[in-house]
Amino acid sequence: MSRTLLGFDFGLKSIGVAVGQELTATARPLTALKANDGVPDWGRIETLLKEWQPALLVVGLPLNMDGTEQDISRRARKFANRLHGRFGLAVELQDERLTTTDARARLFEAGGYKALGKDAVDAVSAQLILESWMESRL
């Protein structure tokens, strides 16, 4: 049975969102939500959850290249805890090292500099986080 999943690329100004499903272990970018110092419009997240009805949420965990945490790591954990607390859904964290770099490379390859808008990068980063979570479970 295939579950629907939502992935999040947490940021202080923007939170990328992607949807995926386990049957094919694929995901696609949905949107980027504006955030105010890491706090999203919870109503927009609730709307996405009602629309997609995910069984699981995956939040990217920003780590330093050596695997150590940084301040933004703590904030991403807090966001993940709030998602679980507000909506009662299972939430897992996924190492997101280099996803933004990979997202920029994919977007540039597909559409040049014009494709590198912040919202697009954040949403594709969420897609990559979700896909890497699924790949790690295969």
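## Asp9, tucked away

Asp9 counts as buried because its relative accessibility is 4%, where buried means under 20% relative accessible area with a 1.4 Å probe and protein chains only. This is a predicted model, with local features needing pLDDT of at least 70 and side-chain atom pairs counting only at pLDDT 80 or more, while totals for chains, interfaces and linings use all residues. Residues are numbered from 1 along each chain as its sequence is written, and side-chain values use heavy atoms, leaving out hydrogens and water.

Asp9 sits in strand 1 (residues 4-9); strands here are DSSP runs of E with at least two residues, and helices are runs of H or I with at least four, numbered from the N terminus. Setting aside residues up to four places away in sequence, Asp9 touches Ser14, Ile15, Gly16, Glu96, Asp122, Ser125, Ala126 and Ile129 (contact: heavy atoms within 4.5 Å).

## Two hairpins

Strands 1 and 2 make a hairpin with four residues between them, pairing antiparallel over six bridges (DSSP must find at least two for a pair). Asp9 faces Gly16 of strand 2 there.

Strand 2 also pairs antiparallel with strand 3, over eight bridges, and Gly20 is set opposite Ala27. In the turn of that hairpin, Ala25 has a positive phi of about 55 degrees. As for cover, seven of the eight residues in strand 2 are buried.

## The cores

A nonpolar core is a set of buried Ala, Val, Leu, Ile, Met, Phe, Trp, Tyr and Cys residues joined through side-chain atoms within 4.5 Å. The largest one has 19 residues, and Leu83 is among those with the most contacts inside it. A second, separate core of 11 residues includes Trp133 and Met134.

Definitions and conventions:
Buried means under 20% relative accessible area, exposed over 50%, partly exposed in between (1.4 Å probe, protein chains only).
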